[in-house]
Amino acid sequence: MNKETTAPPEDRKTPPGTPWEALRRPRFLWSLWPWRSLGYLASTVLTGTVLAVLISPITFPFLSLGSALEEMVQGQNHPTWFLAVLLGLGLALLLAFGPLVSVPVARLERWRVRLVHPRLRSGHRPTGKGALRWVRIRYTEAATWREFAYLLLLVVVFGYVSWTVVYLFVLMGPFLIASPLITAFGETVALFPWEFDTPASTLPLVAAGLVLLVAAPYAVAVTAHAHAALARLLLDDRGTEGLRSELVEVTRSRARLVDAFETERRRIERDLHDGAQQQLISLAMQVGLARMDAPPGSDMERTLTSVHAQAKEIIGSLREIVHGIHPKVLSDRGLPAALPELADRSAVPVRTRVDLSRRLPVHVENTAYYVAAESLSNVTKHAGATGVRLNASLDGDTLVLETIDDGQGGADPDGGTGLTGLADRVAVVGGRIWLSSPPGGPTRLRAEIPCHPSG
């Protein structure tokens, strides 16, 4: 039987390439010195220095403010308004251009952090084409402002901390160990406030240098790990991409349900039109023929006349039901023809203005017709209005549908008027609804429906 070979537990706990790799092996000092961590800290010093120079046009007001405050400490006066202007200008420049700088810097940092940590993922969402669209989306993302905070920390804190660790442990340790050789050549080793000019006097420095050299791998690894962990906290995707994918899938599933519902409505309409309605028409014709054969003035004639009248009323009611399920004119000619016909059937006078230059996607037309029908129905039932305006137009790739009535106002979505259902229906296709209905009127309902393909 073949035995499965497994790595030791400690090898499974720490992935290769992390700062802790050098700390879990007994021979790290000689064979596995944390060169990756050292390279990460050294590149942090270089990156922080270069960025400080590059963003100096943005931070110049703060530098001037610091110089002014230093001069005030030395006794030179500056007007308060001058300091306030410097502070305000600095904040304005930093908030205006800092996020723009932080986006490419964060991309560089996500690549650089792979020296010591697993790969980071961007938390930005796609922006599409257009510089203005890119700026608008980036400035409204939380990921951009986290990257901006990281940029400030990198320039103000991380660069100095990394340089301190590298200088104190990596450079100072060998220097102190070599101090006897330096003094042997007649040079003086000066460590403020002490000076050492003989090899014997530098023996404590050698001991201190050995301690620093032994501690250097640990200090470098811990510092690199702390920096990378903070970078992961600020620069890594926090699962928003997965949440966005789930949200897209939920939206698509809701749209598929609406499409299935529309398909079922059309099937019911077809069955009613081709089945029950035709049977009722045939029944009405037979009753009409039987009435003609009945003796004039007889009870049978009066009964058949009544039955014939009721059959025609039922046919008319069924025709209205079929028309309300999915009007044929909407399928054939779209909203420009369907909305005026809907307005003609309203009990309240409706002025219609439809400004559409093209046919819209089927799901958009169905939703818009549903919103218009429900809005006019609500006006008839609840508003007490004497007139309504129904407007439909395109704003870019968005259909804007508005109903404005002169009724009593005070419409409440929680009052059972179907407004919540309207909002849910529009939300399924990615749209939204605004309602303005102050007491005394007028009531204005505005629906915005994006005209991209469904699903």
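Here are legends for a few close-up views of this predicted model. Residues are numbered from 1 along each chain as its sequence is written. Local features need pLDDT of at least 70 and side-chain atom pairs count only at pLDDT 80 or more, while totals for chains, interfaces and linings use all residues; side-chain values use heavy atoms, leaving out hydrogens and water.

**View A. Helix 6 packs against helix 8.** Here residues 142-177 (helix 6) meet residues 203-235 (helix 8) at about 165°, with axes 7 Å apart. That makes the pair roughly antiparallel (an angle over 145 degrees). Axes are lines fitted to C-alpha atoms over the stretch in contact, and angles run from 0 to 180 degrees between N-to-C directions. Helices are DSSP runs of H or I with at least four residues, strands are E runs of at least two, and both are numbered from the N terminus.

**View B. Residues 206-235 are 100% helix.** Their end C-alpha atoms lie 42 Å apart. An unreviewed UniProt entry lists this span among its "transmembrane region" stretches; such annotations may be inferred rather than shown by experiment.

View C. Pairing takes at least two DSSP bridges; strands 6 and 7 run antiparallel and are joined by five.

Terms used:
Angles under 35 degrees count as roughly parallel, over 145 as roughly antiparallel, 65 to 115 as roughly perpendicular and the rest as oblique.
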